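Colleague: I have not looked at this structure before, and I would like to learn how to read it step by step. Could you take me through it, please?

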Amino acid sequence: MSDLEKKLEEELEKVEKGIEKEARTIRTRVHQHNLFPIVAAGVSVMLLMTSMVVVAPYMFLLDVPPSSIAHQYTPLEARGRDLYLSLGCFYCHSQQVRPYDWGFGNASAEGDYVFDSPHALGTERTGPDLAQIGGMRPTIWHILHDKDPRSVSPGSIMPNFGFLSDDDINALVAYIQNQGQENLDVGNSTTGGASYHPSVPDPYTNVTNQFTPLMQVVLAGYDPVNDVYNGSSLAGTQWTEIFDIGKANFTQRCLACHGCSGNSQGPYARHVVTQPANLHERLSSFPGDSYDIWRVSEGVPGTAMPAWHLSLNDTEIQRIIIYIMSFVFGSARTFPGSMSDAEGDAFGNRTNATPQISGTQSDFDQGGQIFRLYCAQCHGETGQGDGPASIATDGGYISPQPANFTESGRDFAENGNYGRYLWKAREGVETTNMPPWKWALSDDEIYKVIFYVQGFAPAENYNAVWGPQYTDPFARNLKKTVTTGSMETDLVILTTWLAGLLMWNLRYRQILNLARIAKLKTLVQNYPQRRQFAWTLTC
Amino acid sequence: MSEDKSAQKDTTPLDLGGANEVTKTWFVFAFLWFPVFTTFGLIMAIKFFIPTFLADSAWLTFGRIRPAHVNGLLFGFLSSGLIGTMYYVVPRVANAPLYKPNIGKFAAGLWNVAVLAGVIMILAGDTQAREYAEMPWVVDVAVMVTLILMGYTIIGTIVRRREHNLYSSLWFYAGIVFWFPIVYFIGNVMWNPPSGALSGLTDSIINWFYGHNVLGLWFTPFGLALWYYFIPRLTKRALYSAVLSVISFFALAFFYTGVGGHHLLQAPIPEWLKTIAVLSSLLMMFSVLTFGTNIGMTMRGVWHMMFSNVPLRFILFGFLCYIAVSIQGTFQAFRDMNLYLHYSQWPVMHSHLSLYAAFGVTIMGVMFWTVPRVTGKKLFSKKLMDVTWWVTLLGFTIFMAGMMLAGLEANAAWFTHMTVAQALPFLTPYFIVRAIGGGIVVVSAFLFAINIIITFLSKPLVPHETSKTETGVQPI
């Protein structure tokens, strides 16, 4: 050790001793407090803040007038509210509409809650906000939904409340149906209780749909389980025509908002302030022909629903309504699947159809986007015909079951006719819910989505038939190599990570001991611990 | 382990006056409640992707399991563990026998009977339906009585102390026994039985004053006091600065009290109240950062001890999670951030990060360390304790990731004007991940409880008298 270092050491020691002494006095000073002043000061500042955040708001909110949607609860509603609270509904359903929320109603105001005790503002939205849910759905919908949510709302994760008595369910629904609305008469819930619907005004009061009798004849002759039509062939032919014109009109006018499966999740639905009607739900509690014809003809005030009688005649409107009735529990397929296959093949042979895209990665990706936007709700994300709206899924209703592309990909491929794909995508499939997409998509988009759908076909069929029809290497090799699958990569990463963790766990003591020794060495050499007291002082 | 050789020659034996018995009583409840009520949480997590799971009776429906899970863990496990720790720390730091230990034991029994009764009443549907304040009025009264009895023993011990200085932990313990009865009384609207509620927005404001201060003026000061004692104690280093601890004490008393309004930032409560809440949430950082600096500087140079000392590892992990969750909380309280993150699974993740990861894991560590000392028995298995740590860490990571991602995904979807129903299918994978992580957490809770139960049931290592007194260790 050099002289200089020795000198420094001595100097340092002196300084530290001094600091230590001082530090001791400071510590003593701090701790000489008695208990009483500490507690008194601690409690005082706490009470000061409490007076600001509890007492002041209490006085501030003493005389809030009730808003127009606040109302005293009737005994039935009060009972429903007690159930709502004791079953803990408010843990998943908030009751406060924020100014920037979308589709839940007006922003909540302080007067909305005047009659609520205790409050039920909630903190989560695992389910939708219920502050102004009243009247948004038919009473019978709520009753079915509370007993078994997935019977009317596929994909819901709400628990079943089937264990409640009918009286309890009625009380609960009475509370819900009056949430955030002018006090409504929910009517007799056992009969459907749709009386919150405005009554149909004069010119429409007694209108009937001219095609309803035909629909009844056709439905009587159709066996949905085996997908066979045994009824009159004349009625079947008429039905095919009426149904398909209705479907074409629906695709042109309604699909953008109401969605191709009528579930209110069309591509524009997010851009309108009031959610479009969920046709499946609405029609499951069908208020009657006259009501539907009135709503479609005159539009719905305060929503984006136009008055269609300005651009469609009565027959057209009635055909559309006949078509959307198929969103209740499926359509009657009077035009057999084999005939539409034959039509598609004939079209393919006539035009010698081939894909008009080269099959690049971006074609495939765009096809995927369109598929997820339009097709997946029925055909499913994985193309197996099991989307949320499909009859194959709990709570689904699109029947006959939508095509399963992993299977039909084989059918298509064995037949080898690109025209069949193109025909069915462009023109739809007669008397099913497959729309004629030529009214909603460009040809280019249809080619891309077909390319994406072909990707669901088994590899051998794809490689034999579809791959060679494209020019781009991406399409040709789409099903040839599986090494880039993300699943495998993930597995490799996961395994490496776990192996690393295991290694570290086994070895960490040794490694840490080394680190610890190195650390101690540094400490001993360079870093007198007592230096910390200097930090104490600077604080 | 190094801390086993802790006897210091120059200190006189400490007469604890039966404090160990009281601590033991509280701990018994803590380790019994922990696995039971985390299992409730797992049932809930499964309901998120199998909604028909156990949905056939009112008792087990989601809306009742959830408050049972929350109240059971908050007041059963966490509070029992923290109060038991308080009875461990106070006589040692005050260097005085515990005042009226029998009252302390009685309080433990009354408290836990009240919690059990409260949970059963909630499951039966008798709830006040205010988040965190669900327990019925009768139970509230029992809890208040316990709080007062507890305060009586603690203050009695502190005023009879032989150590002149008041160590930081004692400040917080002395504060808690006055703050929390006030918070509990106001928050539960106890003057208004049986509903225990006011009406309208006032009720929501008082609910969240209470809801946040269960954390701010109950768990947090308990946690701070605990970390102030155990970290210097286990590392054998003086607390870095007493001045910083004083700042953290007063900042906590003032700012934490006012943050409740940030739960209602988008509700139509008065704007000035929101401003107070946001500012308090920001200034709360005074308390958090002074405390964090203090402990961090105390730990300087000895962080490696958390790798060799398993109880310390639990405690420090809890400490780090507390700092993380506080910073997260402050940012979440800003209006824009809150607007984005509100209503999803993110806040659920936030509350688990604080209550489970910060306080729950800390209590696990504290109990691993103190149970052998209060019972005079050898810990059943150190290997199992180490395994428990790894299971806890693995479960925690998966559990948090699941909830965080589910929250962000839902928030992103809502911000593009998707409805709740539309966004729900995207969340299923995260819900499954969350249940898997939660399941691992439950496993760790069982491993912990088994280890501690066997320790309790084993034969004492030393004669009973020595467990009553202990060589005094002054952490400063």
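Colleague: Which helices and strands does chain A have?

Modeller: Helices (H or I, at least four residues) and strands (E, at least two) are DSSP runs, numbered from the N terminus; by that reading chain A has 22 helices and two strands, while chain B has 15 helices and two strands. This is a predicted model, in which local features need pLDDT of at least 70 and side-chain atom pairs count only at pLDDT 80 or more, whereas totals for chains, interfaces and linings use all residues. Residues are numbered from 1 along each chain as its sequence is written, and chains are lettered from A and ligands numbered from 1 in the order in which they are written.

Colleague: How compact is chain B?

Modeller: One compares the radius of gyration, taken over C-alpha atoms, with the globule rule, 2.2 Å times the number of residues to the power 0.38. For chain B the radius is 22 Å, close to the 23 Å that the rule gives for 476 residues, so chain B is as compact as a globular protein of that length. Along the principal axes, its C-alpha atoms fill a box of roughly 70 × 45 × 45 Å.

Colleague: What share of each chain is buried?

Modeller: A residue is buried if 20 or more other C-beta atoms, placed from the backbone, lie within 10 Å of its own, exposed if 12 or fewer, and partly exposed in between. On that count, 40% of the 539 residues of chain A are buried, and in chain B buried residues make up 59% of the 476. One case is W414(B), found in helix α13 (residues 382-415) of chain B, which counts as buried because 21 C-beta neighbours lie inside 10 Å. The C-alpha atoms of W414(B) and Y340(B) are separated by 9.0 Å, although these residues are 74 apart along the chain.

Colleague: How do α2(B) and α12(B) cross?

Modeller: Axes are lines fitted to C-alpha atoms, for helices over the stretch in contact, and angles run from 0 to 180 degrees between N-to-C directions. Angles under 35 degrees count as roughly parallel, over 145 as roughly antiparallel, 65 to 115 as roughly perpendicular and the rest as oblique. The axes of α2 (residues 62-94) and α12 (residues 346-375) of chain B come within 10 Å and cross at roughly 45 degrees, and these two helices are therefore oblique to each other. By class, their contact has 10 nonpolar, four polar and no charged residues; here Ala, Val, Leu, Ile, Met, Phe, Trp, Tyr, Cys and Pro count as nonpolar, Asp, Glu, Lys and Arg as charged, and the others, Gly among them, as polar.

Colleague: At what angle do α13(B) and α14(B) cross?

Modeller: The axes of α13(B) and α14 (residues 420-457) of chain B come within 8 Å and cross at roughly 160 degrees, so the two helices are roughly antiparallel. The residues of their contact divide into 27 nonpolar, eight polar and two charged.

Colleague: How many residues does each chain bring to the contact between chain A and chain B?

Modeller: Two residues are in contact if their C-beta atoms, placed from the backbone, lie within 7 Å. The contact takes 71 residues from chain A and 81 residues from chain B. On the side of chain A, the largest share, 15 residues, comes from α2(A), and by class that side has 39 nonpolar, 23 polar and nine charged residues.
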